[in-house]
Amino acid sequence: MTATRAPSRASAPARPGRDGPAADDLVPAGLVLRADPDTRLIAGGSVLAGGSPVRVLRLTPAGSRQVAGWLAGSPLPAGRAARTLARRLLDAGLAHPDFTPRSPSEGTSRAGSATPHPSPGLKDVTVVIPVRDRHAELARCLAGLGTGDGDSGPRVIVVDDASADPVAIAAIAARHGADVIHRPVNGGPGAARNAGLAAASTGLVAFLDSDCVPRPGWLAGLLPHFADPAVGAVAPRIVPHEAGTGWLARYEGASSTLDMGARPSIVRPAARVSYVPGAALVVRRSAAGPGFAERMFVGEDVDFVWRMSAAGWRVRYEPAAVMGHDHRVRFRAWFSRRADYGTSAAVLERLHPGAVRPLYASWWTVGAWAAALSGRPVTAAALAGTATALLARRLSRVTGERWPVPRLADSSGSGGSSGAAMDNSKNDAGQRDAGQRDNSKTRGGAAWLLALRLAGGGTLAAGRPLGSALSRTWWPVAVPAAVVFPRLRRPLAALILAPPLLDWADRRPPLDPARYVAARLLDDAAYSLGVWHGCLRRRTVRPLLPVIGARASAAAGSTPGRAGA
């Protein structure tokens, strides 16, 4: 599950919502925006930096004032220019919709001002649950939906995908007031979801796997996003239904491939969250087109989301809405499922060229790390420094500073000229008043500081994806290389161990570092076995090859089966 460019027309199924949203897909007036925690205003508020991949936007004086107001909580005005700019911020991941209610002292409720057009209600949704033989899980899922309450909830369709006991499935559905569609031949999750999609008549369809355990308010937390007519799908955060006690259950609770994390995001190729699983996904029916690829038994949800994004629809991840899920916590089933995820890489790479690669990096980064691994730290530092200087030169054209040494006057922030780096401090919501977020009036050198963060810091941070590429894809080559060349053993071991150790430090799971690292390496090994098996079966090596150079930043994304940190 990853990121990429548009699928190949020759090999990809018809795109969902092939016509895309309306050409005039302005952000609705009244929407309230929340700055992404990584977004920074620099150069006196005239430059906005952030997003994924990182974008640096030069703002006009009027745009600067508007953005400052939005990040302070002001709703969007009705003007076309403002709503167009807001769309750029949302699409870049620089900001996200905020539906959090305001306190009475803040005036109009944020929820009310953020949805000027009425958001859909529960009666505008049909819930589709594909199932095969999972009687207890289905009953629990339906009970969590609160079905059988008359007209208060959405219509629910259970799609029986050739269960061994269809009568039992029908009885469970009837007990909870759900309709049933019986498929005589098992077609997999894509085919079952499509059957439910075809039977739905509402504007929205919520796909739920039978092992999901809905929590109160999960659907209501997603529906406000559909007040934006350009939004085609929204996904909640998926967390364990129950906290486990075994080492694998605790690992899954902290590092499940279904959990995309605690930060909201646009979902598209190269975004911080580049895919969302189909286990829980609410879709605008007009954006779904022909639905899921029925020949794919694994990765069909990733393909569906990527095709929707390629068609111009916006897909959003909303962690404020939470869905419980019954994770696999028995080793054999867990390991096998991870390997299954890996087998989808070859198919997804064929449908979405450049999407499912183990590593995305610039030549500068590759050169610096190659020098470091070969025992030439001075060369590595020189390459990283040169990359930083060249990027600072490019950024100085945006910030308005003189390069290489900015003039003192450049720090004034007047006349749209440059400034300096922002104050990195922020509150728990990742926001500050725009004036607080920018200290460029007191320091010069915004271009250099931003270049140090992006190029210098990025080169160091590249060790993490490089180590993940080794453990998740390249270990069948790396291990023999370490045997033949003893000099490589320590650096390769350090690179492989660094990502799980850093993950443990970030997440602080209820699991000691040794067992967390062991579980993560088993996770990576299972996925890798699936990748190599899929490549052999499809006779391709593309999912094993990195993307190096200019295309890397455009195609970079998360890997199927691994959520962004």
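Predicted model: local features only at pLDDT ≥ 70, side-chain atom pairs only at ≥ 80, totals over all residues.

User: Rings to start. How many aromatic pairs does a search of the whole structure find?

Analyst: The search turns up seven aromatic pairs. In one of them, the ring centres of F207 and F292 are 5.3 Å apart and the planes sit at 90°, so that pair is edge-to-face.

User: Where do F207 and F292 lie?

Analyst: F207 is in strand β9 (residues 204-208), while F292 is in the loop between α8 (285-288) and α9 (300-310), so the contact ties together parts 85 residues apart in sequence.

User: And are F207 and F292 buried or exposed?

Analyst: Both F207 and F292 are buried. Another pair is W403 with W448: centres 6.5 Å apart, planes at 10°, so that one counts as stacked.

User: Which parts of the chain does the W403 and W448 pair tie together?

Analyst: W403 belongs to the loop between α12 (377-399) and α13 (434-437), and W448 to helix α14 (residues 446-461), so the pair ties together parts 45 residues apart in sequence. W403 is partly exposed, with 31% relative accessibility. W448 is partly exposed too, at 28%.

User: Which residues do ring pairs link into a cluster?

Analyst: Y251, F331, W334, F335 and Y516 are linked that way.

User: What does R193 meet in a salt bridge?

Analyst: Its partner is D209, with an N to O distance of 3.3 Å. D209 sits in the loop between β9 and β10 and R193 in helix α6 (residues 188-199), so the bridge ties together parts that are 16 residues apart in sequence.

User: How buried are those two?

Analyst: R193 counts as buried at 2% relative accessibility. D209 is buried as well, with a relative accessible area of 18%; the cut-off for buried is under 20%.

User: Let's stay in that loop between β9 and β10. What about S210?

Analyst: S210 lies in that loop, with β10 covering 212-214. S210 is buried, with a relative accessible area of 2%. Its side chain makes a polar contact with the side chain of R134 at 3.5 Å.

User: Leaving aside neighbours within four places in sequence, what is S210 in contact with?

Analyst: I129, P130, V131, R134, E137, L138 and C141.

User: Back to charges. How many salt bridges does the search of the whole structure find?

Analyst: It finds 25. One of them joins the side chains of R34 and D98, at 3.2 Å from N to O. R34 lies in strand β1 (residues 33-35) and D98 in the loop between β5 (95-97) and α3 (110-114), so this pair ties together parts 64 residues apart in sequence.

User: And the accessibility of each end?

Analyst: R34 is partly exposed, with a relative accessible area of 22%, whereas D98 is buried at 2%.

User: What does D259 meet in a salt bridge?

Analyst: R237, with the N to O distance at 2.8 Å. This one also links distant parts of the chain: D259 is in the loop between α7 (247-255) and β12 (265-267), and R237 is in strand β11 (residues 231-240), 22 residues apart. D259 is buried at 12% relative accessible area, and R237 is partly exposed at 22%.

User: Which residues do salt bridges with shared partners join into one network?

Analyst: R464, R472, D503, D506, R520 and D524. R472 is also the residue with its charged end over the ring of Y527.

User: Last topic, helix α1. Which of its residues are buried?

Analyst: Helix α1 covers residues 61-71, and its buried residues are G63, S64, V67, G69, W70 and L71.

User: What covers the buried residues of α1?

Analyst: The cover includes β1, β2 (40-42), β3 (47-50) and α2 (80-92).

User: What happens just after α1?

Analyst: G73 is there, with a positive phi of about 115°.

Note on methods:
Residues numbered from 1 in each chain as written. Heavy atoms only, no water. Phe/Tyr/Trp six-rings, centres within 6.5 Å; stacked < 30°, edge-to-face > 60°. Helix = DSSP H or I, 4+ residues; strand = E, 2+ residues; numbered from the N terminus. Buried < 20%, exposed > 50% of the residue type's maximum accessible area, 1.4 Å probe, protein only. Lys NZ or Arg CZ within 6 Å of the ring centre and 35° of its normal. Polar contact = N/O pair within 3.5 Å; in protein donor to acceptor, adjacent residues only side chain to side chain. Contact = heavy atoms within 4.5 Å. Salt bridge = Lys/Arg side-chain N within 4 Å of Asp/Glu carboxyl O.
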